[in-house]
Every structure is written in C-alpha cells, then in structure tokens.
Amino acid sequence: MTKPFIHPTALAESLEIGEGTRVWAFSHILNGARVGRNCNIGDHCFIESGAVVGDNVTLKNGNMVWEGVELADGVFVGPNVLFTNDLHPRSPRLPQAHGRYTEKEKWLVPTLIERGAALGAGAVIIAGVKVGEYATVGAGAVVTRPVAPHALVVGNPARRIGWVCRCGKSLKFQRCRAKCSECGGSFSLTKEGVRGDQHSR
Amino acid sequence: MTKPFIHPTALAESLEIGEGTRVWAFSHILNGARVGRNCNIGDHCFIESGAVVGDNVTLKNGNMVWEGVELADGVFVGPNVLFTNDLHPRSPRLPQAHGRYTEKEKWLVPTLIERGAALGAGAVIIAGVKVGEYATVGAGAVVTRPVAPHALVVGNPARRIGWVCRCGKSLKFQRCRAKCSECGGSFSLTKEGVRGDQHSR
Amino acid sequence: MTKPFIHPTALAESLEIGEGTRVWAFSHILNGARVGRNCNIGDHCFIESGAVVGDNVTLKNGNMVWEGVELADGVFVGPNVLFTNDLHPRSPRLPQAHGRYTEKEKWLVPTLIERGAALGAGAVIIAGVKVGEYATVGAGAVVTRPVAPHALVVGNPARRIGWVCRCGKSLKFQRCRAKCSECGGSFSLTKEGVRGDQHSR
C-alpha cells in the first residue's frame with residue numbers, strides 16, 4: 001500500500017483518505033469525509049463532510065456522496081449515480097421551508113449501500129433505502145424501496161428481475177439452488193432471500 | 001448581505017451575480033447569465049448566457065442551466081437535474097441539421113420553473129414545460145407535460161401522485177381541504193387545482 | 001479549419017484531437033482517446049483512452065465517453081448522457097470480482113452510435129447496443145436493445161414511438177411514404193425499416 005494519490009486538479013481537504021486510494025481530476029473531497037483504502041474515485045466527484053466510503057470502493061466519474069450516505073467495502077458506483085438525503089426537498093433559502101433546515105434531524109435521512117453491491121450508471125437512490133450486500137441496481141433504475149442482498153433490480157420504480165452472484169453474474173435457481181457459472185459460488189434461495197452456501201463463502 | 005463568494009476554482013464570468021450568492025468549486029457561470037441574491041450553487045455547475053436564476057435558489061452539484069431556462073425565486077434543483085431547450089436535437093455541426101441552428105427561433109424552446117418548486121435528483125425537464133409554484137418533481141422523474149402548482153409528480157413519464165405544501169410536506173385532502181402537518185398551512189382543492197387559503201399565505 | 005481550441009482549465013492529454021474541435025472548461029481527454037474534427041465538447045466532459053469520437057460531433061456538458069464506445073460522425077450527445085461498457089459491474093477492487101477485471105475480454109462490451117444520431121439529455125445506453133444512423137433517443141430514456149436507423153425511442157426501458165428525419169424532425173408515414181415537413185427529405189417504410197429515397201440522400 002502507498003499513500004493516496006491526489007490528481008493535481010483535485011481538491012482533497014479531508015484528512016481521512018486511506019492508503020492506496022486514488023482521487024482523479026476535478027474531484028473534491030471535503031473536510032470531514034471519510035474514504036477508505038484502495039479506492040478509485042473518478043473525475044468530477046464530490047464527497048461531502050459526513051459521508052463514509054469503505055475500502056476497495058470504485059466510484060466512477062461524476063458521483064456525489066452526501067452526508068448521510070455510507071458505502072460499505074467493495075461497492076461499485078457507476079457514473080453519475082444519484083444519492084439523496086432529503087425526502088421533501090425545498091430550497092433551504094425559501095422562507096416557507098427555512099425552519100426545516102435549521103436542524104439536521106428534521107430533514108437528513110441516511111442511506112446504506114452494503115458490501116460488494118453495484119449501482120449502475122445513472123441509478124437514483126431515494127434517501128432512506130438500504131441496498132443489500134452483493135445486490136446490483138441496473139443502469140437508470142430509480143430505487144424507492146430496500147433492495148435485498150444479491151437482488152438485481154431495474155426500472156423506474158426499480159423492481160427485482162433476478163438474482164446475482166458476489167462476482168456480479170446472474171444466478172439461475174433450480175429447486176432453490178444455484179451455482180454461479182462464472183466463479184462457482186453456490187447459493188440457496190430461502191424465504192429470507194438468497195444465502196451463500198457455507199463452503200463457498 | 002455580502003458580495004458573492006466565488007470559489008477559487010470556479011469561473012464566474014457574469015457581472016450579474018447577486019449579493020450573498022455562493023458559487024462552489026469547478027462551477028462556471030458564463031457572461032450574460034443572470035443569478036439572483038442569496039443563492040447556493042454547488043460544485044461542477046454551469047449557467048449559460050441567457051439563463052435566469054432568481055433569488056434564494058439552491059442548485060445542488062452538477063447542474064446546467066441553459067439559455068431559455070428560468071428558475072424563479074426559492075427554487076430547489078437537486079443534483080444533476082437535466083434541463084433541455086431543443087425538442088428535436090441534432091448536432092448543429094451535422095450538415096443535414098445545420099440550417100436549423102442558424103437562428104435561435106428555429107430551435108430554442110423555453111422552460112420556466114416557478115417560485116418555490118423543487119426538482120429532485122436527476123429529474124429530466126423536457127423543453128417547453130412549466131413547473132408550477134411549490135410543485136415537487138420526484139427524483140428520476142422525466143417531466144414531459146406541465147406540472148400544476150403544488151403537484152407532486154414521479155416516474156417516466158412523470159405523473160401526479162399527490163400534492164405538497166409550500167414547505168415541501170405532502171398534503172392529505174379531506175373534503176377538498178387540507179392542513180399541513182408540518183407548517184400548518186391550509187389549502188383548498190378546486191377544479192383549478194390547489195389554492196393556499198388567504199390567511200395562510 | 002483551425003487547430004483545436006482547448007480551454008485553459010481543460011486537460012487535453014490526447015494527441016489525436018482534430019482540427020477545429022473545441023474542448024471547454026474542466027473537461028479531460030485522456031491520452032489514447034481519438035476525437036475527430038470540428039467537434040464541440042462542453043464543460044465537465046471526460047473521454048477515456050480507447051474511446052472514439054468522429055467528426056462534427058456535439059458533446060454537451062457532463063458526458064463521459066468510455067473505452068469501447070464509438071460515436072460516428074455528426075452525433076449529438078445531450079447533457080449527462082450515460083454510456084456503459086460492462087454488463088455485470090462490480091468494483092474491480094472487490095476480491096470476489098477481481099479476476100474478471102484482469103483481462104478486458106472478460107468484461108468490456110462495445111457500444112456504437114451511428115452517424116447523425118441524437119441522444120437526449122440523461123439517456124442511458126446499456127453496453128452492447130447499437131443506435132442506428134439518424135435515430136433519436138429521447139431525454140431520460142434507458143436504451144436496453146438496439147435502436148433502428150431513424151427510430152425515435154423514449155421511456156425506461158426505451159420503446160419506439162415514431163420515426164425521425166435526418167434533420168431531427170418527426171416523420172408521418174402515409175402508405176409507407178413520408179416527406180419531412182422541415183427539410184423536404186423523403187423516406188420509405190419497408191420491412192427493413194426506414195430508408196431515405198435516393199434523390200433525397
């Protein structure tokens with residue numbers, strides 16, 4: 001591991017950027033943002049004070065990670081994915097809405113993207129949603145409800161159309177069991193959702 | 001009020017940026033753009049010559065306000081909202097389309113976002129649409145038709161699923177009357193749409 | 001023709017940028033990207049090594065053209081259009097997915113946008129799709145299947161709702177023939193799709 005690489009045009013104001021992480025052109029990481037080790041943060045990104053990014057995360061270009069958003073280890077965020085942290089937005093400068101923005105408790109709603117999940121290009125994640133580990137959100141999907149671990153969701157609003165392996169490949173279940181054609185991982189489909197079999201974890 | 005704050009990496013070429021307005025990193029305001037007072041313009045924004053932004057407007061990161069687009073006072077624009085100003089786009093450099101781009105009258109279609117409205121993350125606003133005052137466009141919605149004042153619209157194409165208060169909170173109408181649970185504003189639902197009651201204006 | 005114009009804040013690392021092309025503020029063209037002549041590349045764009053952009057192309061602001069994406073001559077790309085080049089994305093830094101990213105053949109899927117096509121604001125183009133010549137993809141559409149030449153597609157997922165002329169105008173077919181009300185081009189509708197009549201090519 002090496003210390004972080006910061007592109008000469010990037011603004012890295014945070015003191016908490018992990019070893020081996022690279023921050024590319026015209027990106028801006030605010031003081032108070034936490035970014036883990038060995039991440040890749042593309043051009044034109046923005047990470048706000050209070051946002052949390054784990055280790056081994058890939059942020060493609062044009063992403064903004066707001067306060068209240070947490071990306072766990074190994075998450076993939078495609079280009080221009082949109083997080084939100086307010087369910088009833090108004091301009092805080094609008095007199096009729098100003099009161100609500102005087103305290104964070106009144107408007108800030110957190111979002112959690114769990115380990116190894118992938119968010120496709122331009123996906124929109126409504127505040128308050130949890131995307132489960134190793135789930136995949138298709139490009140252009142608008143996620144309004146929680147996404148189960150290993151689920152594949154697409155559309156506006158996003159609906160589940162399948163299941164995916166830890167490696168990202170689609171899983172075909174037969175009699176509630178599936179083996180990944182790509183990496184060989186094996187899974188069971190139960191009432192609680194998809195579970196990796198112990199020997200393949 | 002104070003004079004505008006321009007981040008050292010921002011390009012503010014316009015002479016018409018109002019008092020107290022802040023322009024953040026890597027944003028670009030072209031000469032001939034008009035921006036009002038007490039606005040907040042996030043990172044990576046672009047405001048074109050001929051665009052008009054009122055007072056107390058919040059532009060989250062990654063927004064582009066084109067010529068032909070007018071944002072009235074107190075509007076909220078979530079991250080990466082997309083305005084358009086051409087209904088039949090082609091590259092103006094394409095020989096078969098070049099003629100249409102020789103005069104603005106042939107292609108430029110205006111858009112108006114009225115006072116206090118909010119446009120959610122990644123919403124797309126088709127040129128020629130008017131979004132009424134205090135309306136809310138949900139994140140990821142594609143707005144192809146006018147939006148009534150106080151309407152809440154979502155989806156692709158956007159459809160109305162409810163009504164919202166000036167403060168942003170959803171309104172529940174009973175017998176054509178509603179009182180906001182957040183700010184106490186009272187409203188009537190008429191054939192012409194939602195009207196704020198006089199004493200609560 | 002003149003040599004390319006590069007805005008002082010832009011990073012143009014490629015040696016293959018054609019005559020007369022303009023690259024605007026905060027954009028980044030990587031070494032190994034190929035950009036043709038007489039293009040206009042707006043603010044906050046990114047063109048990756050291996051991407052190919054033809055002549056007379058208009059890239060509005062905020063676009064990213066990845067390796068594997070080819071834009072033919074005269075293409076229009078509205079603001080924040082999203083290309084992709086991987087159908088099963090994961091963070092390449094995730095141990096369970098790392099192997100797939102060791103060789104491009106395992107994940108890179110190409111996309112081709114043919115001559116004179118237009119991609120509306122915020123459209124999402126799934127990797128592997130071909131958009132035919134002079135087609136128009138509506139703003140906010142999510143393109144998951146090939147788009148025929150001259151087709152107009154909208155929605156998520158995108159579906160064809162009409163046909164358009166080379167100049168961008170909608171075509172109304174009567175008995176399988178149409179004449180453009182804007183530029184006078186004439187077309188036939190056959191089993192193979194829309195064909196420009198010989199004398200109007």
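A residue counts as buried when its relative accessible area is under 20%. Keep that cut-off in mind for these close-ups of a predicted model.

**View 1. C165(B) is a buried cysteine beside another cysteine.**
The relative accessible area of C165(B) is 0%, so this residue is buried. Its closest cysteine sulfur belongs to C183(B), at 3.4 Å. A disulfide needs two cysteine sulfur atoms within 2.5 Å, so the sulfurs of C165(B) and C183(B) are too far apart for a bond.

How far is the sulfur of C39(C) from the closest cysteine sulfur? The distance is 11 Å, to C45(C), which is too far for a bond. C39(C) is buried too, with 1% relative accessibility. As a reminder, a disulfide is a covalent bond between the sulfur atoms of two cysteines. Searching the whole structure turns up zero disulfides over all chains.

**View 2. I113(A) sits in a strand and is buried.**
Look for I113(A) in strand β15 of chain A, which covers residues 111-113. Its relative accessibility is 0%, so I113(A) counts as buried. Leaving aside residues up to four places away in sequence, I113(A) touches several residues, including E70(A), L71(A), F83(A) and I125(A). I125(A) lies 12 residues from I113(A) along the chain, and their C-alpha atoms are 9.7 Å apart.

**View 3. Chains A and C are related by a rotation.**
Turning chain A by 120 degrees, with 0.0 Å of shift along the axis, superposes this chain on chain C with an RMSD of 0.0 Å. That is the relation of a three-fold axis. Only 15% of the interface residues of chain A are also interface residues in chain C, so the copies meet through different surfaces.

Terms used: Residues numbered from 1 in each chain as written. Chains lettered and ligands numbered in written order. Predicted model: local features only at pLDDT ≥ 70, side-chain atom pairs only at ≥ 80, totals over all residues. Heavy atoms only, no water. Least-squares fit on C-alpha atoms with pLDDT ≥ 70 in both. Contact = heavy atoms within 4.5 Å. Buried < 20%, exposed > 50% of the residue type's maximum accessible area, 1.4 Å probe, protein only. Helix = DSSP H or I, 4+ residues; strand = E, 2+ residues; numbered from the N terminus.
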